[in-house]
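This briefing concerns the arrangement of the chains and the architecture of a sheet. Please consult the sequence and the structure shown here.

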2 protein chains.
Amino acid sequence: MTTPAVVADTTDAQLEEIISAAAMAAPLLAIRTPAEIAEWLDAAADALDAEVDALLPLAHEETHLPARPRLAGELLRTTFQLRLFGNLLREGAHLGATIDHADADWPMGPRPDIRRHHVPFGPVLVFAASNFPFAFSVAGGDTASALAAGCPVILKAHPGHPRLSDLTGKIVADALAKAGAPYGTFAVIHGVEVGVAALRDPRIAAASFTGSVPGGRALFDIANSRPTPIPFYGELGSVNPVVVTPGAVRERGADVVKSYVGSFTLGAGQFCTKPGLLFLPEGHGLTDVLAEAVGATKPQPLLNEHIANGFAARLSTLESEPGVEVLVGDDTNDRFVPHPTLVTVSGKDFAANIEALREECFGPSSLVITYADLGELLDLLAGLEPSLTATIQGQEDEEDLVNVLLPILGRLAGRILFNDWPTGVTVSWAQQHGGPYPATTAPGTTSVGAAAITRFLRPVAWQGFPNSFLPPALRDDNPWKVPQRVDGQLRLS
Amino acid sequence: MTTPAVVADTTDAQLEEIISAAAMAAPLLAIRTPAEIAEWLDAAADALDAEVDALLPLAHEETHLPARPRLAGELLRTTFQLRLFGNLLREGAHLGATIDHADADWPMGPRPDIRRHHVPFGPVLVFAASNFPFAFSVAGGDTASALAAGCPVILKAHPGHPRLSDLTGKIVADALAKAGAPYGTFAVIHGVEVGVAALRDPRIAAASFTGSVPGGRALFDIANSRPTPIPFYGELGSVNPVVVTPGAVRERGADVVKSYVGSFTLGAGQFCTKPGLLFLPEGHGLTDVLAEAVGATKPQPLLNEHIANGFAARLSTLESEPGVEVLVGDDTNDRFVPHPTLVTVSGKDFAANIEALREECFGPSSLVITYADLGELLDLLAGLEPSLTATIQGQEDEEDLVNVLLPILGRLAGRILFNDWPTGVTVSWAQQHGGPYPATTAPGTTSVGAAAITRFLRPVAWQGFPNSFLPPALRDDNPWKVPQRVDGQLRLS
């Protein structure tokens with residue numbers, strides 16, 4: 001497949017055609033079996049794998065990320081994710097099949113036969129992210145989970161990698177079509193205004209987004225102010241605090257801060273899970289190790305001009321805040337390939353200026369905050385906004401300390417970590433990539449992992465129907481062998 | 001217990017005290033076990049049962065609903081609902097416990113040990129409804145499901161039954177406290193502006209509402225325009241279309257329309273599940289039976305002046321629309337105890353004026369629409385807005401017709417019924433009381449049934465923690481014996 005040198009914005013007429021096709025496809029997808037949709041997802045994964053030699057160079061050209069191992073690993077993650085949702089569909093727990101037989105003796109009064117399962121929302125609009133050109137873009141987690149739910153997907157491409165988006169979109173759409181998906185199941189659109197127009201279209205039933213707080217909030221507001229509001233799943237900003245305990249400093253302080261530097265500089269710090277705040281006890285004695293580790297880290301190119309300008313501006317503001325000291329700065333004079341920066345501030349100065357200092361700085365920098373004692377640490381954590389993740393680097397024998405920190409970190413984040421780093425988000429059944437606002441606009445949901453599919457499903461109850469009219473998952477003979485809850489009892493088929 | 005003759009609005013100082021106490025209670029509730037919370041719910045149910053002689057007369061006085069069987073049945077439903085959530089907590093599936101052990105061979109790259117469960121949102125603000133003074137009010141489904149989730153509840157009382165709300169609130173708060181719930185777990189507030197102020201408070205983590213479209217939309221907009229938006233679960237309006245097939249008319253037409261009249265006049269039509277639109281085939285020959293059944297129905301008092309005025313105004317507008325004929329009108333000259341009204345219109349006139357005619361008319365009236373053929377019926381259904389329910393009255397041998405109608409009705413509603421009536425919403429595992437906007441503001445959720453608890457839970461993942469730090473539901477030895485998904489496999493403890 002080939003891709004044009006420049007990708008034009010989608011025209012009004014093209015957008016109308018795409019939305020109309022998605023709306024036509026929605027009821028057709030809704031009657032396909034999960035096993036059929038699983039085959040489509042496998043076909044899309046296979047097609048992407050087959051085009052790795054075309055995809056990686058183009059992704060590198062547009063994002064400056066290294067083709068290997070980074071982009072190859074991300075593509076592997078992307079195709080794995082499509083296949084994982086396929087496996088989930090074949091099991092069928094996502095259908096939430098629940099059967100309550102008629103019960104004349106039901107304590108609140110006679111109960112009719114009532115059965116419940118989950119159906120797709122309808123056409124979903126996905127806004128792609130810039131920083132993961134595969135895994136959070138055209139064929140990423142939102143697309144995979146929405147398609148798995150049985151929803152047609154209209155993917156608003158990120159302007160940071162338009163040609164890759166175009167090519168990925170063609171590969172996926174072609175593979176889906178060949179595998180039997182109806183016309184209108186998947187399409188890619190380009191253009192900021194085009195995305196907003198699509199979000200306002202009454203035929204769109206839900207939307208998802210990965211990106212900045214201002215961008216995500218603006219789209220969230222549009223989604224909610226429609227005459228018919230729709231669910232908007234935005235994954236926005238995150239500072240991902242890390243607390244290092246006195247025990248961890250004492251036992252393995254140098255290792256902890258070295259791996260911290262590795263985590264916050266990974267991918268030039270352009271991850272929503274970058275550890276942006278590190279809380280170290282006063283007198284930690286690790287300044288030299290930190291400075292050396294950051295100093296030894298090679299500069300990496302940033303994704304694009306927008307990111308580079310935003311990073312420079314935010315970092316410049318941060319460095320000028322009272323009490324903030326630059327431990328290792330950027331002496332490259334290259335805004336697009338900056339050296340990682342580490343800044344530090346005392347707990348007292350952080351507390352005095354917390355609203356300015358707790359904000360995300362997207363790119364290769366992090367802020368070390370020194371805390372005087374546990375009381376100050378708890379006060380500082382209480383002043384943070386929610387994040388995607390929160391981490392403890394501590395010792396197993398610091399039980400009391402860890403148990404005091406856990407409730408606070410659990411309120412602050414969707415994922416809490418112990419002696420690990422938040423970058424590197426595995427795709428699995430238990431993954432949770434979300435959190436209270438401003439981490440996301442939908443704190444009950446995740447955008448990574450098996451549970452991401454639930455964002456695009458809604459329940460429907462069937463009351464009084466003979467088995468012959470019921471969907472297979474709700475029949476007494478359970479032909480698809482899906483997990484069912486029958487008269488209150490869970491059954492694994 | 002006693003209740004004052006007049007209930008004053010909550011003062012600013014009282015509201016601050018209540019919200020502050022709820023915020024203090026939230027982390028305490030979050031570390032209680034589901035079994036403990038189940039005991040609190042049982043205690044609340046027992047206390048309400050014990051006060052039936054005080055509650056029923058007061059409810060009757062304020063709502064004019066008959067004490068028996070209606071209000072007694074509703075109280076039974078309410079206490080049953082509290083206990084059902086207790087049983088759900090003791091099983092533990094609501095925790096969504098998921099364990100992925102570390103896996104060096106995970107196909108996308110080595111997987112850390114990661115585990116996921118659900119935790120309470122924090123303080124929940126519940127706006128009570130007018131039409132179910134027990135089941136959708138102070139101790140109703142929203143309160144029961146939010147408390148079950150482990151969230152403190154602040155209940156904004158409906159002004160239609162303030163003294164009952166006050167008394168119910170005291171009974172519940174007292175029972176919870178005696179059972180060991182922390183101070184701040186439950187409180188009732190009064191006043192429109194007070195409710196809005198609470199909704200804007202940053203300590204409130206989620207809100208729910210049952211009522212009208214304009215009222216619910218206004219609160220939804222406030223919840224979403226906060227600096228920190230919160231989930232808002234609004235159950236708004238619903239017309240609940242019913243399609244009667246030619247076969248059903250032929251085989252049992254008189255029975256169908258008699259039971260329809262029973263359903264739309266039940267509780268003076270003041271149910272969100274009232275069948276507001278009945279689609280009958282042209283030439284149905286049931287006009288006399290309909291007129292006789294409606295004519296024989298006794299007038300019942302409406303809930304309050306607000307409802308009575310709204311009903312009179314909406315009905316007057318409806319009756320003046322082109323082509324609308326009054327089959328049975330209200331000749332009582334009593335706005336508060338009106339006789340049920342049945343109006344009728346042809347499919348052609350309905351289609352020509354669909355935006356005016358498809359709107360809900362809350363109270364004892366319904367609209368019969370005659371359809372010429374299947375094509376016209378499908379067009380009419382396609383023009384409706386989503387509802388809580390949609391019903392088919394048909395014959396089992398009309399397979400093709402039912403199968404054509406099902407996908408359309410499934411898109412229109414959260415619950416579809418066959419040869420049953422939508423009023424009388426059972427509380428069970430499979431119940432779904434929700435639907436796309438304007439039926440609700442959160443189409444992926446339900447406000448009745450076991451799944452209602454999920455509205456107030458958010459997932460948290462634990463990565464890399466030794467078992468000793470993990471919550472019981474996520475430990476390998478599963479001390480609470482909750483259902484777990486382990487390395488992708490569901491296990492029933």
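In this predicted model, A:Asn224 is the residue of chain A that comes closest to the rotation axis, its C-alpha lying at 3.6 Å. A rotation of 180° with 0.0 Å of shift along that axis superposes chain A on chain B, with an RMSD of 0.0 Å; this is the relation of a two-fold axis. Copies are superposed by least squares on the C-alpha atoms of residues with pLDDT of at least 70 in both.

**Interface**
- The copies meet through the same surface, because 100% of the interface residues of chain A are also interface residues in chain B.

**Sheet of chain A**
- Five strands, 5 in number, form an open sheet with parallel pairing in the order β5-β4-β3-β6-β7 (strands are DSSP runs of E, at least two residues, and helices runs of H or I, at least four, numbered from the N terminus; two strands pair if DSSP finds at least two bridges between them).
- The edge strands of chain A, β5 (186–189) and β7 (232–235), each pair on one side only.
- On average, neighbouring strands of this sheet are turned by 15° against each other, direction ignored (axes are lines fitted to C-alpha atoms, for helices over the stretch in contact, and angles run from 0 to 180 degrees between N-to-C directions).
- Strands β3 (residues 124–127) and β4 (residues 153–156) of chain A run parallel and are joined by 4 bridges; A:Val126 has A:Leu155 in β4(A) as its bridge partner.

**Helix on the sheet**
- Helix α7 (residues 192–200) of chain A packs on the sheet and touches β3, β4, β5, β6 (206–210) and β7 of chain A (contact means heavy atoms within 4.5 Å).
- The direction of α7 makes about 150° with that of β3(A).

**Conventions**
- Residues are numbered from 1 along each chain as its sequence is written, and chains are lettered from A and ligands numbered from 1 in the order in which they are written.
- Local features need pLDDT of at least 70, side-chain atom pairs count only at pLDDT 80 or more, and totals for chains, interfaces and linings use all residues, while side-chain values use heavy atoms, with hydrogens and water left out.
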